[in-house]
Amino acid sequence: MGGVMGNASVMVVRFKRPEEERFMVEHLRAFGHEVLLDWNGGEASVDLFLLDAIWARLLGPEIMARKTASEVFLPALVAIDLHDDASVWLESGFDDCLFMPTTKAMLRVRTGAFLMLRHQSQALTERHNSALQRSEEKYRILAETAGDFIFMHDTEGRITYANRAGLERFGYSPEDILSANVADLVGPGGQPVIDQNRSSRQEGDWSTLIYETVFRDAHGREIPIEASSTPLIEDGRIVSMVLNVRDITDRRRFEEEANAAAAQWQATFDASKDAFWILDRSQHVVRANRASGELLGEPAEALVGRQCWEMVHKTTEPIEGCPFVRSVGTGQRESMDLPFGDRTLRVTVDPIVNDAGELTGAVHIMQDVTDEVMARQRDARLTRALTGLHRCSRLLRRSGDDWLEVTLDEVSESFGLDRVWLIDGRTEAPSFLIRGEAGAADATQHFIQNEKWRGCFALARQKVGAFVPKGGRACADCPMHPESGETCMIARVERQGELVGVLGAMAAEDVLADERYLAAFGLLSEDVGSAFVARQAETEREHFRRQLAQAQRLEAVGRLAGGLAHDFNNMLTVVGAGATFIQDGLREHDPLLDDVRMIMEGVDRAAKLTRQLLAFSRNQIVEFRMIDLNGLVTDLDRMLGRLLGEDIVLSLQLAEQDVTIHADPGQIEQIIVNLASNARDAMDEGGCLTIETDVVRLDDAYLRGHVDGSVGDYALLAVSDTGSGMDEETVARIFDPFFTTKAQSKGTGLGLSTVHGIVKQHNGFVWVYSEPGKGTTFKVYLPLCKSGEVEDTMRPSAATGPRGHETLLVVEDDDGVRNVVARVLERAGYHVLQANGRKEAVEQLSRVPSISLVLSDVVMPGGSGKHVAEAIMERWPDIRVLFMSGYTGEAMIHHGIVDSGIPVLQKPFSTNDLLVKVRQVLEESLPTGPVGKDSD
């Protein structure tokens, strides 16, 4: 900027883009400057560096080193694009950035300003020593990087300098700010402050003025600021002004928040009903809330600065035992109760400690505890009553006939009552029990003759718990003879929500004014009612204990039945197969054929008997299939005859058409057996039991009046007896578990609940009709299936069953069953291998890879059938598995068989059942799920 300073300056200009470099060189030379284009760090004297970003990176270290070594300010500018980050260059040591593209005027102003700073620096250097020169440079850098907006303006308000940080903070460019007047930078609200500042300067005030006003940023937003204005004086006059502008937006917000918090704190402080003081170390009040002023009868502000003992105790020093003094010694909360007029105050002092652990003051709280002190006397009386209540509760549980008398004696003593009475209304004629003074015998007679007990009962019906009758006086002509100042309290005695008695007492009016005392008496009445219930429950508990013993006996019988069924089923399997072998070897007219068929019929009847035994013990496996209800009832005829006895006639009235249902035969048999057993018990003197089957269609009208079901066709199973019948209340509870009308030794109350559960499991419903003296009818409705779907129950010989050629492995620990099964399969064409347990089975499987199917018993020594199946699925996944079991459903669940997904052939089975099941398993897809886990 030679035109400004009068001297030509040497500039280093390096640009990669030729057009930019030509622009710079042309105009800078036109300004009278010497331009160096090939400078690479030589010793030539340079006044200013102007480089683009590429050359700035290359020459930056050399330039920074030169700037550092120079005693005179050596400006270095970087030309960057508008979108580039200027802060990177400023932080690396460059003095300013020139945004490209630029104009001739901007180039002249920017270079001229920095050359002016350099020449000023040079002039200062010449006048002062190097230390002062470096100090000036530091101030310049400090001004440029300061967080505040620092700028200078002349006496007319024209801005001549602005620091970089301030420009960035308020969004102004150097061009904008250097062409502005300071009046343009303040909002309308700040102009009066500027005018006052100017007036002060004209009057000769050259001091630094600090004031708050508003500042307008480049976007026109008004920002609150704090400004300090310092004049620059030359030759006794102000030549320019330096302004330091600080954004106080955050401070203003913090002040507002602090003021709001202080107001909220004070409001909270004043909201307390207790008297609060903040004390300093010398026990002067620093702060007082409104309640403390009200306590002492002065405004809270008038208490500040005074010492606490002066105002509370009217003394000149702390009293003995002062909690503040004790708190200074212990460093902990201290308190004491002290009289204050007709009241009692509890003074509590919490020490305030600084970070160094030094006591700086305390929080002093005065709480009115007058009511608490007065309540202590009532509490003592109540404690005595509650202690007595505990003893009474134990006495109510004691055995013996005098438990009520002993309890009431304890009530009279522990509650401090003159008279206490109990009216027992559990019987039609109430009984009376009175303890205390005033002639118990006379009072009892008065209660009875004049029926005064009715008044006590009428009062007890008014409220729950203990209470004093309205008006606080005893009834007129009260047989308890109240004395002056006495009244009574009444509490109802309930048994399962029913009023069965009244507990009453006579005491002084002030004693009965304590609601807690009344509540304790009410608890006592509840204990008496609970004792009544306990006495009743004790009788019922004995009844249920006997029922439980009966149920446990039945459970033991069930477990025995399950164990017997396993061995019996194995034997039946062998006997049935042997009979089949004999049958197949006889000619059509052989005289032994009838004997063999009789054996096979006996096996079938024994198998049915086993299923009925398991149905009784509820241990059979649930297996739904298509069955003929008529045939099932017919098969039960003989067994039901033995169950009912000779004095009861059994009549079967079966439907003419097919009655086909999808059900578990064992569970349907259990329904019939349970209903027949109940009917037998209802006909002590004999009678008739009728079992009917039919096909019915139920419509909405019938369902609404009888059962909760859906419209459709149903199979009807009706069981009717000519017994004693039941009333409506009994019918309503007939399916409840453990509910029974039989004698304690004759029933468990589980039979009909089991019937109800089985019917629901089969998606059916049951309806009961009964009247006292007219017998009972149970109607069981089960979903009807199409006719012709009943499974074939014929038992053809092994010679007519399905045949095969595969290799099979039979795993069975019972030699008889294993040999029979192997023989049946071999006769049907299969190649059969045998194993008596898991170990032999695995050996056979390892030796013979062509095995297609393994038939395994479920429970065997040395490993269950589940373990065999697990080994097969792990090592030979293509081999199928079929379980054979004579165990109960409970055992099958225990050994993880029911949920394994592997088919089960239940013993005893016929030869045809065996061949059909084997063929079915061989031809179906392999299971994909894992074998079920053992149950605990």
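In this predicted model, five strands form an open sheet in the order β7-β6-β10-β9-β8, paired in the antiparallel sense. Strands here are DSSP runs of E with at least two residues, helices are runs of H or I with at least four, and both are numbered from the N terminus; two strands pair if DSSP finds at least two bridges between them. Residues are numbered from 1 along each chain as its sequence is written. As the model is predicted, local features need pLDDT of at least 70 and side-chain atom pairs count only at pLDDT 80 or more, while totals for chains, interfaces and linings use all residues; side-chain values use heavy atoms, with hydrogens and water left out.

At the edges of this sheet stand β7 (159–162) and β8 (209–216), each of which pairs on one side only. On average, neighbouring strands are turned by 30 degrees against each other, direction ignored. Axes are lines fitted to C-alpha atoms, for helices over the stretch in contact, and angles run from 0 to 180 degrees between N-to-C directions. Strand β8 is joined to β9 by eight antiparallel bridges, and Glu212 stands opposite Glu226 in β9. Helix α10 (residues 249–271) packs on the sheet and touches β8, β9 and β10, its direction making about 125 degrees with that of β9. Contact means heavy atoms within 4.5 Å.

Strand β9 (residues 222–234) pairs with β10 over ten antiparallel bridges, and Ala227 has Val245 in β10 as its bridge partner. These two strands form a hairpin with two residues between them, and Asp235 in the turn has a positive phi of about 55 degrees. Strand β6 (residues 149–154) is joined to β10 (residues 237–247) by six antiparallel bridges; here Phe151 is partnered by Leu243.

A second open sheet also deserves a look. Its five strands are paired in parallel in the order β29-β28-β30-β31-β32. Strands β29 (831–835) and β32 (904–906) are at the edges with a single partner strand each, so one side of each has no neighbour in the sheet. Neighbouring strands of this sheet are turned by 20 degrees against each other on average, direction ignored. Five bridges link β28 (residues 807–811) to β29 in parallel, with Val810 opposite Gln834 in β29. Helix α27 (residues 815–827) packs on the sheet, where it touches β28, β29, β30 (851–857) and β31 (880–885), and its direction makes about 170 degrees with that of β29. Helix α28 (residues 838–847) lies across β28, β29 and β30 at about 140 degrees to β29.

Helix α27 also meets helix α31 (residues 911–923): their axes come within 10 Å and cross at roughly 65 degrees. The two are therefore roughly perpendicular to each other, a term for angles of 65 to 115 degrees, with those under 35 roughly parallel, those over 145 roughly antiparallel and the rest oblique. Val821, Val824 and Leu825 of α27 make the contact with Thr911, Leu914, Leu915 and Val918 of α31.

Finally, the whole structure holds seven aromatic pairs. Rings of Phe, Tyr and Trp (its six-membered ring) pair if their centres lie within 6.5 Å; planes under 30 degrees apart are stacked, over 60 edge-to-face and the rest tilted. The ring centres of Tyr714 and Phe765 are 5.1 Å apart with planes at 65 degrees, so this pair is edge-to-face.
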